[in-house]
Amino acid sequence: MVRTRFAPSPTGYLHIGGARTALFNWLYARNKGGKFILRIEDTDLERSTEASVNAILDGMKWLGLDWDEGPFFQTQRMQRYQYFANKLLEEGKAYYCYCTPEELHERREKALKEGKKPTYDRRCRNLKEPVAGRKPVIRFKAPHDGETVVKDIIKGMVVFKNEELDDLVIVRSDGVPTYNFAVVIDDVDMNITHIIRGDDHLNNTPRQIQIYKALNFELPVFAHVPMILGSDKTRLSKRHGATSVMAYKEMGYLNKALVNYLVRLGWSCGDEEIFSINEMIQKFNIENIGKSAAVFNPEKLLWLNAHYIKQTPTEELAMLAKDFFEKKGYSITEKSKFERIVESLKPRCRTLLEFTEMGSVYFENEFDYDVASVNKFFADKDDSILSLIKTALENTALLDEKKFEDMVKGIAAQKNVKVVTVAQQLRIALSGKTVSPGLFDIIDVIGKEKTLYRLQRAIDFITKKA
RNA sequence: GGUCCCAUCGUCUAGAGGCCCAGGACAUUGCCCUCUCACGGCAAAAACGCGGGUUCGAAUCCCGCUGGGACUACCA
């Protein structure tokens with residue numbers, strides 16, 4: 001039975017990189033009919049917060065990455081780490097070290113200055129007596145010679161010389177285990193079969209393998225996936241823009257779009273770009289994960305989001321968009337009318353936030369007129385076209401789209417101008433700009449009264465200007 | 001500095017020795033559609049980092065170089 005896990009440390013929100021790691025683990029487990037476990041690595045007491053735990057959980061839920069077991073918290077498993085630390089101590093595979101962080105730091109600096117390796121010199125390894133007045137850490141007795149090989153199904157066989165690895169601290173002076181130790185105990189206790197994680201952990205892996213061996217644990221399968229980079233090819237971080245998963249939700253991205261984007265970042269399936277969740281589960285495999293780091297490309301995410309917006313049924317989309325409109329102060333009363341609005345905006349918007357921007361035309365009556373648009377279409381200060389439209393609309397009952405178009409064309413013929421001129425003048429009257437959803441959509445949604453109001457307002461604007 | 005990883009269009013990638021004077025997608029440009037903007041359709045431009053090998057033949061294998069990244073904590 002395949003068992004994978006996602007093990008974030010709660011020191012911030014769920015970010016893009018973590019989300020992709022979680023997704024890969026989740027997909028692999030689902031593909032194999034296995035289990036996906038969530039574990040919170042909160043042994044860094046200083047930086048871990050409950051708010052971060054909740055933020056991560058929210059992010060996972062929004063992406064639809066449900067877990068089968070957990071969340072487990074490392075801080076609630078202290079006795080397990082103590083047990084194995086003691087075991088190593090008793091078996092002579094670990095020892096107390098009384099060096100202070102300050103001493104260690106000094107020695108490291110000194111070694112670096114002298115051009116030597118800044119590794120721990122193992123001076124406490126054979127200490128017979130405790131050092132009075134100091135709280136020791138526990139260090140792992142790493143082998144001096146030989147090599148440790150990481151068998152990684154993405155990177156291949158990676159060989160590390162043991163002389164490069166020093167005696168790492170496995171338990172801090174306050175009794176809290178360090179990452180490299182806790183992660184091993186946890187993965188073994190939770191029967192994790194496949195460890196899929198960022199390749200920033202590849203260098204840690206030989207140390208962990210040494211601990212597995214010292215404790216006679218069976219090794220899991222390792223798969224180190226390449227990092228996600230920003231546009232400048234350095235590790236993706238805040239300065240590259242939004243990195244929080246939930247920030248994308250707030251910006252009006254659909255979870256399906258983000259997940260689809262993420263799965264294709266570092267993984268491929270021939271020429272395929274669009275995957276439903278089920279297709280992903282069915283097709284995901286570790287073999288097709290690439291070896292090189294990938295640059296996060298917001299443009300492509302935007303394209304995918306637009307794709308999923310177009311693909312989402314309008315009724316469903318309207319429910320998602322509602323919050324965004326209400327947040328902007330536009331109250332949604334009639335469901336069917338709102339769906340009409342959403343429908344008209346659907347092919348024009350790439351995010352839900354854009355719906356509210358372009359959609360303002362349906363809600364605002366007292367807008368400003370765009371200067372460039374006015375200069376282009378009302379330069380001659382002639383309101384006759386708008387007046388004709390107004391008269392035509394005043395004398396008609398509810399138009400259908402065909403009749404509306406005939407009217408516009410008729411006025412164009414009558415005034416001997418292009419249809420587009422009439423349309424654009426009307427558009428500016430209705431929206432203040434030369435860009436908007438379809439004219440008929442607008443008048444149909446806002447109704448006769450508001451249409452006439454906006455026409456008169458535009459006529460006043462033009463004539464006042466004259 | 002040391003260790004480790006990586007290297008195909010601007011970006012995500014296909015490519016597992018001949019099917020590749022390198023395919024798809026995003027972005028870009030042009031054309032068509034059209035009441036504007038979009039959508040949609042069509043088309044174009046755009047890459048195997050460099051140098052050595054191996055081989056009848058290399059984007060694909062090997063070595064070196066260069067470049068990028070990660071790690072180097074009583075962080076994870």
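Modeller: An axis here is a line fitted to C-alpha atoms, for helices over the stretch in contact, and angles run from 0 to 180 degrees between N-to-C directions. The model is predicted, so local features need pLDDT of at least 70 and side-chain atom pairs pLDDT 80 or more, while totals for chains, interfaces and linings use all residues. Residues are numbered from 1 along each chain as its sequence is written, chains are lettered from A and ligands numbered from 1 in the order in which they are written, and side-chain values use heavy atoms, leaving out hydrogens and water.

Biologist: How is a pair of packed helices to be read, and at what angle do the axes of α3 and α5 cross?

Modeller: Two packed helices are described by the angle between their axes and the distance between the axes. In this structure the axes of α3 and α5 come within 10 Å, with a crossing angle of roughly 110°. That makes α3 roughly perpendicular to α5 (under 35 degrees is roughly parallel, over 145 roughly antiparallel, 65 to 115 roughly perpendicular, the rest oblique). Helices (H or I, at least four residues) and strands (E, at least two) are DSSP runs numbered from the N terminus.

Biologist: Which residues of α3 and α5 meet?

Modeller: From α3 come R80, Y81, F84, A85 and L88, and from α5 come F181, A182, I185, D186 and D189; contact means heavy atoms within 4.5 Å.

Biologist: Is A85 buried or exposed?

Modeller: A85 belongs to helix α3, which spans residues 78-90. With 2% relative accessibility, A85 counts as buried (buried is under 20% relative accessible area, exposed over 50%, partly exposed in between, with a 1.4 Å probe and protein chains only). Leaving aside neighbours within four places in sequence, A85 is in contact with I138, V171 and F181. The C-alpha atoms of A85 and I185 are separated by 9.9 Å, although these residues are 100 residues apart along the chain.

Biologist: Backbone torsions come next. Which peptide bond is cis, and where does P71 lie?

Modeller: Most residues other than glycine have a negative phi, and most peptide bonds are trans. The bond from G70 to P71 is cis, with omega near 5°. P71 is placed in strand β3, residues 69-73.

Biologist: What is the phi of R122, and what is that of N191?

Modeller: R122 has a phi near 60°, a positive value in a residue other than glycine, and is found in the loop between α4 (101-113) and β5 (137-140). N191 has a positive phi near 55° and is likewise not glycine; the loop between α5 (179-189) and β9 (194-198) holds N191. With a relative accessible area of 49%, N191 is partly exposed.

Biologist: How many salt bridges does the count come to?

Modeller: Side chains of opposite charge can pair when their charged atoms come close. The rule is a side-chain nitrogen of Lys or Arg within 4 Å of a carboxyl oxygen of Asp or Glu, and by it the count comes to 37 salt bridges. Among them, R134 and E103 meet at 2.8 Å, N to O. R134 is in the loop between α4 and β5 and E103 in helix α4, so that distant parts of the chain, 31 residues apart, are linked. R134 is partly exposed at 33% relative accessibility, and E103 is partly exposed at 24%.

Biologist: Which residue forms a salt bridge with K110?

Modeller: E114 does, the closest N and O atoms being 3.6 Å apart. E114 is partly exposed, its relative accessible area being 43%, whereas K110 counts as exposed at 53%.

Biologist: Which parts of the chain does the pair of D200 and R235 tie together?

Modeller: The side chains of D200 and R235 form a salt bridge of 3.0 Å, N to O. D200 lies in the loop between β9 and α6 (205-214) and R235 in the loop between β11 (228-229) and α7 (245-250), so the pair ties together parts 35 residues apart in sequence. D200 is partly exposed at 30% relative accessibility, while R235 is exposed at 51%. Elsewhere, salt bridges that share partners join R5, R39, E41, R77, R80, D186, D187 and D189 into one network.
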